[in-house]
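Biologist: I am new to this structure and would like to understand the words used for it. Could you show it to me, and then take my questions one at a time?

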Amino acid sequence: MNILLIHQYFLSENEPGGSRFNQFVKYWANMGHNVTVVAGTVNYSTGKKDEKYKGKWVIQERPSERVTIYRCYVSEGYNKSFLHRLWAYFSFTISSIWACLLRIPKQDIMIVTSPPLFVGITAILTYFFKRIPYVFEVRDLWPESAIDIGVLKNSMLIKLAYLVEKYSYKYAKKINVLTPAFRTILVEKKKVPPDKLVLIPNGADFDLFKPGPTNNWVRKHYNLQDKFVVAYLGAHGVANNLISLLRVAEACKDFEDIVFMLVGDGMEKEKLLSYAKEKGLSNVLFIPAQPKSKVADFCRAADVCTAVLKKVETFKTVYPNKVFDYMSCAKPILIGIDGVARELIEKSQCGFYVDPEDVEGFKKRILQLKANPNLASELGQNGLNFVRTHFSREQLAEKYEKVLLELVKKDNNK
């Protein structure tokens, strides 16, 4: 089977960020399939572009015998402002359409993963001009999430986004949703036929994230040997609400052995650095986004891990991938996201829900885990056992493969 994947944020080797499809592509290639990836040239977490991509429109790469990657132009202003980010989305739409229509031979099946939602334009045009059936994957509910956090305000852009969403769903042969809540919304609010939907969620990357010593090189390098480390790993964007973590850190200033370690980059990082400086938060450690080969060590160095998002209705539907990373490393979790993410943590008994705006409540849970290492260890082990049973990414890749093979068979039998 020849698979075409359109994914603006597909990682280069050792880049920071979510590696869901990097793992899927590896597994599918090992199964004997050929995979062509159409990806962007700017990293989601850092907003930076490798020197070899600068000034280039489309670059072909061959990381392995069965995998070909076309790196397509993306504007470098990605993290400067929302308008710059919008142009980054549309610049990829234009360059990816060019690659799909003019550079890449016809494939058996196509997967397009959103956000950004505008990759749906590439999928629709490729479908019509090359007759490649496609699966549209919903990793986040756009445009709702962008509207809810206030980054998408222009009425014309909102109408355009809803139009792209409508037709992306209409022409897709299947729509993959990453959470049960997405499925409910698409059926009840978007009127998508239930038989068009499949559920293949985020999962655990056991090739990289696994339990290991807490007192590792990270603690030695950053002088954390005698500290209780509360870690956040991931994007520092508008949606991530990391200011709430800094307020909790401020409330914990009197506990000299508690350190908040924030690993990553994004549009809001400069604001967060300024806030920490203004408040004299010497208990907050900001670390740049790390390559995938190292990021698991930062997770293992933590005593407790956390994930927070803005308190908006749309985010009640999401499973942040970092939560599966935390669980894979057997870390107790404080989840500041209500909805299905909270249900996941409570069902697996691997941590506690905390209201990100309830500073004292958040602080109380941190102190509880600090005072009860046996409880923290039990919660972490519960999470590890749960993801091993239900969220192995290799098993999810096999489930995805079956969906794709079925669609290819139907297309060939027309």
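**How the strands and helices get their labels**

Modeller: Let's start with a pair of strands: β9 (residues 228-233) and β10 run parallel and are joined by six bridges. A word on the source: this is a predicted model, where local features need pLDDT of at least 70 and side-chain atom pairs count only at pLDDT 80 or more, while totals for chains, interfaces and linings use all residues. Residues are numbered from 1 along each chain as its sequence is written, and side-chain values use heavy atoms, with hydrogens and water left out.

Biologist: What makes β9 and β10 a pair?

Modeller: Two strands pair if DSSP finds at least two bridges between them. Here there are six bridges, so the term applies. One example is L233, whose bridge partner in β10 is V263. The strands themselves are DSSP runs of E with at least two residues, and helices are runs of H or I with at least four, numbered from the N terminus.

Biologist: Which strand does β10 pair with through four bridges?

Modeller: That is β11 (residues 284-287), again in the parallel sense. V263 takes part here too, with I287 as its bridge partner in β11. Between β10 and β11 the chain passes through helix α9 (residues 269-279), in a right-handed β-α-β crossover.

Biologist: Why is a crossover called right-handed?

Modeller: Because, with the strands pointing away from the viewer, the path from the first strand over the helix to the second runs clockwise. β9, helix α8 (residues 243-251) and β10 make such a right-handed unit.

Biologist: What makes β10 "mostly covered"?

Modeller: Six of its six residues are buried, where buried means under 20% relative accessible area, exposed over 50% and partly exposed in between (1.4 Å probe, protein chains only). I258, F260 and L262 point one way, and V259, M261 and V263 the other.

Biologist: Y169 and K170 are both in α5; which is buried and which is exposed?

Modeller: Y169 is among the buried residues of α5, with L157, I158, A161, V164, E165 and S168. They cover an arc of only 125° around the axis, which puts them on the same side of α5; the arc is that of the directions from the helix axis to the C-beta atoms. K170 is exposed on the other side, as are M156, K159 and K166.
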